[in-house]
Amino acid sequence: MATQSEYLLEAEGIHAWYGSSHVLHGIDLRIARGQTVGLLGRNGMGKSTLIRTLLGHVTQRDGHIAFFGRDCSRSKPHQVARMGVAYVPEGRGVFPNLTVRENLLMSARPGTDGRADWTYERVLDRFPRLTERLTNLGNQLSGGEQQMLSIGRALMTHPDLIILDEATEGLAPLIVTEIWNVIADIRESGIATLIVDRDFRRVLAHSDHALVLQKGLSELAGPAADVANDPSLTGLLGV
Amino acid sequence: MQRGLTIIKDEHRALAAVLRGFQYLVQQIGNSGKAPDFPLMKSMLTYIETFPDKLHHPKEDEYLYRIMRERTSEVDATLDLLEEEHRQEPEWLGRLRTSLELYERDAGAFDGFADAVEFYVASHFSHMNKEEDVVMPVAEKVLTAEDWQTIDAAFGSNQDPLVGTGTQKEFRELFRRIVNLMPAPMGLGPEQQ
């Protein structure tokens, strides 16, 4: 039985290893309900590892992870997903041999609180291009279409938290801007989001809080506006 | 970077994406003989016609430029130029809209339309570059915390602070339509034949 908690996600003292390589060194991260958190850092600083650890993919891990106050420190990925966490991975992760319709419908399930407002029709209304591609296979879609499908699929799980890992990577400027519009819509709908993206200014503009990683350590954390104005930020991001 | 400036740059990028998309469409017609998509071009024109006028420029004039003038005269000449360009904007757009209408009636008017698009896009990029390269760095140096509070609140609002309507949502919906009509790889629409 989940206990009530102010935070949707509480991660404390997270360590992770790949073999003998110690990648994360005691990271703390909290996400309140409906909050947007930006995760920043140069390549190889531990952002994706932190996400994979939170989701249960990295087995060599230590520290405390709780969703809705329920300890998930040793949970497996499918158990975390059932806690109301949706993941839009770098590379999109659509099923290449399923149609758009199948990709969407196979993921549909009510939220942890019974919400079912992100219906198939609502997703198609939000991503009208998918309507024209319903019978196309995942691998027949453009990069932008795949990203819309990936986000639409995540919404159909009625998550409390969506993790977007490099959602705009490799896309044309118009599509990138549209994805940021989608992120704004998600934020306004009350779903919490954890965003990783190279465009740190946009991440900070769309976030309530931010965390900057360097070499697996939390170097800067706080309200996004404070992080944006911190003189060390550009040095940490190498810009 | 201050939140207000981040939002201005974000709005610039949205506008730049539409302008580049418009330019791409016109180049596709001119270079590859693609059929013109008039409904798409009209949607884009509506966006670039209303977005700067309703949401973006008023906030710049009323908040960023005005407060900058109160704090320094260092960039007065650039602000004069930028304000003049804001005043000229309706004329540039009028020319663009007229040239599109002419082209829709007469395919022979394509060159005039293409020139008007190039002029408009170049003028807008020059305008945005002046704001980002000249004004914003000085703003970051001279404006006070109180100034930023005012500017951040104005630009951070989901509503047009002057008109008080939910215009950002409308722009987002119009932008979505453009992205979904725009042919791949620039947008999500089907590739042009």
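Author: Let us begin with contact: two residues are in contact if their C-beta atoms, placed from the backbone, lie within 7 Å. Leaving aside neighbours within four places in sequence, A:I163 is in contact with A:I51, A:V85, A:Y87, A:V88 and A:L194. This is a predicted model, in which local features need pLDDT of at least 70 and side-chain atom pairs count only at pLDDT 80 or more, while totals for chains, interfaces and linings use all residues. Residues are numbered from 1 along each chain as its sequence is written, and chains are lettered from A and ligands numbered from 1 in the order in which they are written.

Reader: What makes B:Y120 count as buried?

Author: A residue is buried if 20 or more other C-beta atoms lie within 10 Å of its own, exposed if 12 or fewer, and partly exposed in between. B:Y120 has 21 C-beta neighbours inside 10 Å and therefore counts as buried. Leaving aside neighbours within four places in sequence, B:Y120 is in contact with B:W92 and B:L96.

Reader: Where does B:Y120 lie?

Author: B:Y120 lies in helix 4 (residues 110-142) of chain B. Helices (H or I, at least four residues) and strands (E, at least two) are DSSP runs, numbered from the N terminus.

Reader: Why are strand 4 and strand 5 of chain A said to pair?

Author: Two strands pair if DSSP finds at least two bridges between them. Strand 4 (residues 61-67) and strand 5 of chain A have two bridges, in the antiparallel sense, and so they pair. In strand 5 of chain A, A:R70 is the bridge partner of A:F67. These strands belong to an open sheet of four strands in chain A, with the order 2-1-4-5 and antiparallel pairing.

Reader: How do you know that strand 3 and strand 8 of chain A pair?

Author: Strand 3 (residues 36-40) and strand 8 (residues 192-196) of chain A are joined by four bridges in the parallel sense. A:V37 has A:L194 in strand 8 of chain A as its bridge partner.

Reader: Why are strand 6 and strand 10 of chain A placed at the edges of their sheet?

Author: The open sheet of six strands in chain A has the order 6-7-8-3-9-10, with mixed pairing. Strand 6 (85-88) and strand 10 (217-223) of chain A each have a single partner strand, so one side of each is left without a neighbour in the sheet.
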